[in-house]
Amino acid sequence: MTTPQPQTPEIVSAILRDPNSPLYPSQITVFCDHCGVEATGDYMVSEDMTRAERLGVARKHLVDNEGWECDPDGDDFCPEHAGTPAA
């Protein structure tokens, strides 16, 4: 499965109005493992995605667009602490 890409408000509106669409908005929060700061956003996910895949959508957005860093061990770091190991 590919990770959903950011959508325009018009596309999101069309998805929400489509009764056959498997996509729906989900609010997901990612925490910085160094300082605890939270990044919360609404992401379009599908009901066939696992919990880890849904988190992956948020993590990918934060890494690609917000300067976050997510390491292979599952630790997440805000832009201020990217490149800093968890304390």
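## Asp76 and its surroundings

The side chains of Asp76 and Arg59 make a polar contact at 2.6 Å (a polar contact is a pair of N or O atoms within 3.5 Å; within protein, one must be able to donate a hydrogen and the other to accept it, and residues adjacent in sequence count only if both atoms are side-chain atoms). The model is predicted: local features need pLDDT of at least 70, side-chain atom pairs count only at pLDDT 80 or more, and totals for chains, interfaces and linings use all residues. Residues are numbered from 1 along each chain as its sequence is written, and side-chain values use heavy atoms, with hydrogens and water left out.

Asp76 lies in strand β4 (residues 76-77). Its relative accessible area is 7%, and Asp76 is therefore buried (buried means under 20% relative accessible area, exposed over 50%, partly exposed in between, with a 1.4 Å probe and protein chains only). Not counting residues up to four places away in sequence, Asp76 touches Val30, Phe31, Cys32, Asp33, His34, Arg59, Trp68, Glu69 and Cys70; contact means heavy atoms within 4.5 Å.

## Overall layout

The chain has two helices and four strands, in the order α-β-β-α-β-β from the N terminus. These elements are DSSP runs numbered from the N terminus: helices are H or I runs of at least four residues, strands are E runs of at least two.

Of the 87 residues in the chain, 24% are buried. The chain exposes about 5,800 Å², and carbon and sulfur atoms supply 50% of that area; accessible areas come from the Shrake-Rupley method with a 1.4 Å probe, and for residues only the protein chains shown count as cover. Among contacts between residues at least 6 apart in sequence, 40% join residues at least 24 apart.

Strand β1 (residues 23-31) pairs with strand β2 (residues 38-46) in the antiparallel sense over nine bridges; two strands pair if DSSP finds at least two bridges between them. Leu23 stands opposite Ser46 in β2, and Tyr24 stands opposite Val45.

Met44 is in strand β2 and is buried, with a relative accessible area of 13%. The C-alpha atoms of Met44 and Val12 are separated by 8.1 Å, with the two residues 32 apart along the chain.

## Nonpolar core

Twelve residues make up the largest nonpolar core: Ile28, Val30, Cys32, Ala39, Tyr43, Val45, Met49, Val57, Ala58, Leu62, Trp68 and Cys78. Strands β1 and β2 and helix α2 (51-66) each supply at least two residues of this core. Such a core is a set of buried Ala, Val, Leu, Ile, Met, Phe, Trp, Tyr and Cys residues joined through side-chain atoms within 4.5 Å.

Leaving aside neighbours within four places in sequence, Ile28 is in contact with Ala39, Thr40, Gly41, Tyr43, Val45, Arg54, Leu55 and Ala58.

## Cysteines

A search of the whole structure finds zero disulfides, a disulfide being a pair of cysteine sulfur atoms within 2.5 Å. Cys35 is in no disulfide, and the nearest cysteine sulfur, that of Cys32, is 3.8 Å away. Cys78 is also in no disulfide; for Cys78 the nearest cysteine sulfur is that of Cys32, 3.7 Å away.

Cys35 is partly exposed, with a relative accessible area of 41%. Cys78 counts as buried at 5% relative accessibility.
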